[in-house]
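Subject: A structure for you to look at

Hi there,

Here is the structure I promised to pass on. Have a look at it first, and then read on for what turned up.

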Amino acid sequence: MEIVKIEYGDAVAIGRMLKQSKALATDTVVKDILEHIKSGVALKFVDEGKILGVWCSKEFETHVSLSFFYTDESMRRKPQLWVFFRNCMEQIDLSKPLLLIAKDVTGFERYVTKVGEDTYQFIGLR
């Protein structure tokens, strides 16, 4: 298993994977992924050539926006997911709030607090 940067050629496959999420709050997934590759943090968690996890974030003056964090069902609740998450968190400025927009926070509601209509702030792992 390895954590590597997302490549431009991965965007369509990752877009299909992300569209499985009921939390997704954008219709421009592939365009957004390409933008993160160019000017953000865009990482994938890969095992035997299969993408099992994705992290795309961008830093702004006042906060870090976590646009996409998605893992394959087979990864959830496993130690490898923690390794991936921790590695991604090390890539961002932790002194700024980590914000995300989601239509549905089921499954991770205990890690966020609502700060706007569909906007949530990551408050940490419990």
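A definition to start with: helices (H or I, at least four residues) and strands (E, at least two) are DSSP runs, numbered from the N terminus, and two strands pair if DSSP finds at least two bridges between them. Please keep in mind that this is a predicted model, in which local features need pLDDT of at least 70, side-chain atom pairs count only at pLDDT 80 or more, and totals for chains, interfaces and linings use all residues. Residues are numbered from 1 along each chain as its sequence is written, and side-chain values use heavy atoms, with hydrogens and water left out.

The sheet

An open sheet is built from 7 strands with mixed pairing, in the order β1-β2-β3-β4-β5-β7-β6. Its edge strands, β1 (2–5) and β6 (112–114), each pair on one side only. On average, neighbouring strands of the sheet are turned by 30 degrees against each other, direction ignored (axes are lines fitted to C-alpha atoms, for helices over the stretch in contact, and angles run from 0 to 180 degrees between N-to-C directions).

β2 and β3 run antiparallel and are joined by 7 bridges, with Val46 having Ile51 in β3 as its bridge partner. α1 packs on this sheet and touches β3 and β4, its direction making about 95 degrees with that of β3; contact here means heavy atoms within 4.5 Å.

Around β4

β3 and β4 form a hairpin, with 4 residues between them. Their pairing is antiparallel over 7 bridges, and Ser57 stands opposite Leu66 in β4. β4 also runs parallel to β5 (residues 98–101), to which 2 bridges join it; there, Val64 has Leu98 as its bridge partner. Of the 8 residues of β4, 6 are buried, so the strand is largely enclosed by the rest of the structure. Buried means under 20% relative accessible area, exposed over 50%, and partly exposed in between (1.4 Å probe, protein chains only).

Helix α2

In helix α2 (residues 29–39), the buried residues are Val29, Asp32, Ile33, His36 and Ile37. Seen down the helix axis, they fall within an arc of 145 degrees, so they line one face of α2; the arc is that of the directions from the helix axis to the C-beta atoms. Lys31 and Lys38 are exposed on the face turned away from the buried side. The cover over the buried residues of α2 includes α1 (11–18), β2 (41–47), β3 (50–59) and β4 (64–71).

Happy browsing!
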